[in-house]
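Visitor: I would like to be walked through this structure, one question at a time.

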Amino acid sequence: MNAASDSEARIEALLADPAYADHPLREPLAQLYRQFQEQIRHLDRITRISDRYQNAAQREASSLTERLNKHLKQVEKIARISDRYQSMLQDLNKRLEHESTHDTLTGLPNRRLGLSRLSALIAADQPLSIALVDVDHFKRVNDAFGHEAGDQALTAVARALRDPLGGTEMVARWGGEEFLLIWPQTDLASAIEHAQALRSAVPAQMPSIDGRILRTTVSFGLAQRRDGESVNQLLRRADAALYAAKDAGRDRVMVAK
Amino acid sequence: MTDLKIAGSTSTPTIQCTAQPSRVHMKGDSYPENAFDLFQPVLQWMEAQLASADTLTMDLELVYLNTSSVRIMMDLFDTLEEAHKDGRKVIVNWYYDARNERVAELAEEFKEDLTLPFHILPQG
C-alpha cells in the first residue's frame, strides 16, 4: 500500500467514525473528499481516452507504412520489368544493326558497311590501299560440287582473308564471290606484300568435299588511293586491275595503273 | 456479358475478351501513348465477367511492353489473383517465341508474388 491510499483509508475511516459525526470539519472534509475522488475518476478517463487515440494513430501510421511499402515494392517491380524490356529492345536493335551491316553466310561486313568505311576514310583524306578480290572459277565449284560446296568455299576464302588482318584493316563481302580489302595507312609496296601473303594462303584453307580438296585460288586487283581521288575512281581502278589479273591467268595480284 | 474486341496496331496488341468461353486473349506489342485508356475497358470487362463467371483464362502472346503497360498488366494480374483467392478458377497462359527466351524471363518476373496458376509456354 502506498502513501496516497494510506491517507485515503484514514480519511474514510475518520469520516465513518460516529465519534466525529458532529465535528464541524467533518462535512467540509467529506465534500472535499468527494471532489478529490471525482477528480481521480476524470483523470483516469482522460488517460484512457488519450491512450486509445494514441493507439489509433499508431495503427494508422503502421497501415500507412504498410501501404507505402507495398507501393514501393510495386514501383520497384515495374521499374525492374521495364528496364528488362528496354534492354531486350536494345539487344534487338544491336542484332538488327549487325544483321543489316554483315553478310549472313560469311559473317563479314557487307558491301554497305565496307563502302561506308571506305567512304569515311576517304572523306577524312587518309592514305590507304584497297584490293578487290575475286574467287577464281567460282562457277565451276558450284557446277561441280553444288551450291553448298560453293558456300563452304566462300566461307573458307572469307576466313583466309579476315584472320590475318590487323585492327584497322577490313575485308567486306563485296558481291557474290567478290571481296573488298581495305588497308588504312598503307602504301602500295606494303599492300602488295599483304596481298601476296593472303593470296598464297587461300588454297591451303580450302575445304575438301566428298574427299576431293577444292583447288580454289583468288585474284587481286590492288590500288593505292591517289591525292584527291574519289571512292568511285579508286574502286574503278581496283576493278580494272582485278580484270587484268583475271586476263593474265588468275591466282595473282595485279596493281592498278 | 458482351464480348470486347479491340483491334491491334503496331503499337497496341489485339485484344479479345469473350464470355463463352470465358477468356481474355492479348497478342502483339504494347507501347501505346496512354496504356490506361487502352486497358481500362479490359479491366472493367474482367471485373464484370468475374462477378458472374466462375472461370477465366487469360492467354497472352505479348512481346514488348512499355512501362505503363507493365503497370496495367500488374493490375490485371492482381484482379485475377483476387478472384483466385476467392476460389474462382482463373488461369494465365503466357506464350512466347522459343527463339526469344527473354520474354519468358519477363513473364517469370510478372508471375513472382502470384499464387494463381500461371503457365509460361514456348511456341514454335
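The questions below go through the fold of chain B in a predicted model.

Visitor: How many helices and strands are there in chain B, and in what order do the elements run from the N terminus on?
Guide: This is a predicted model. Chain B has three helices and six strands. From the N terminus on, the order is β-β-β-α-β-α-β-α-β.

Visitor: Which strands of chain B stand at the edges of the sheet?
Guide: The six strands form an open sheet in the order S1-S2-S3-S4-S5-S6, with mixed pairing. A strand with a single partner has one side left without a neighbour in the sheet, so it stands at an edge; in chain B these strands are S1 (4–6) and S6 (118–123).

Visitor: What is the handedness of the crossover from S3(B) to S4(B)?
Guide: S3(B) and S4(B) pair in the parallel sense over seven bridges, and Ser30(B) stands opposite Leu65(B) in S4(B). Between the two strands the chain passes through helix H1 (residues 35–52) of chain B, and this β-α-β crossover is right-handed.

Visitor: Which residue of S5(B) is the bridge partner of Leu56(B)?
Guide: S4(B) and S5(B) run parallel and are joined by six bridges. Together with H2(B) they make a right-handed β-α-β unit. The bridge partner of Leu56(B) in S5(B) is Val90(B).

Visitor: Which residue of S6(B) is the bridge partner of Tyr95(B)?
Guide: Strand S5 (residues 89–97) of chain B runs parallel to S6(B), and six bridges join them. In S6(B), the partner of Tyr95(B) is Leu121(B).

Visitor: What angle does the direction of helix H2 make with that of S4(B)?
Guide: Helix H2 (residues 67–85) of chain B packs on the sheet and touches strand S3 (23–30), strand S4 (55–65), S5 and S6. The direction of H2 makes an angle with that of S4(B) of about 165°.

Visitor: How many of the residues of S4(B) are buried?
Guide: A residue is buried if its relative accessible area is under 20%. For chain B, buried residues make up 48% of the 124 residues. S4(B) is mostly covered, and of its eleven residues the number buried is eight.

Key:
Residues numbered from 1 in each chain as written. Chains lettered and ligands numbered in written order. Predicted model: local features only at pLDDT ≥ 70, side-chain atom pairs only at ≥ 80, totals over all residues. Heavy atoms only, no water. Helix = DSSP H or I, 4+ residues; strand = E, 2+ residues; numbered from the N terminus. Buried < 20%, exposed > 50% of the residue type's maximum accessible area, 1.4 Å probe, protein only. Pairing = 2+ DSSP bridges. Contact = heavy atoms within 4.5 Å. Axes fitted to C-alpha atoms, helices over the stretch in contact; angles between N-to-C directions. Right-handed = clockwise from strand over helix to strand, strands pointing away.
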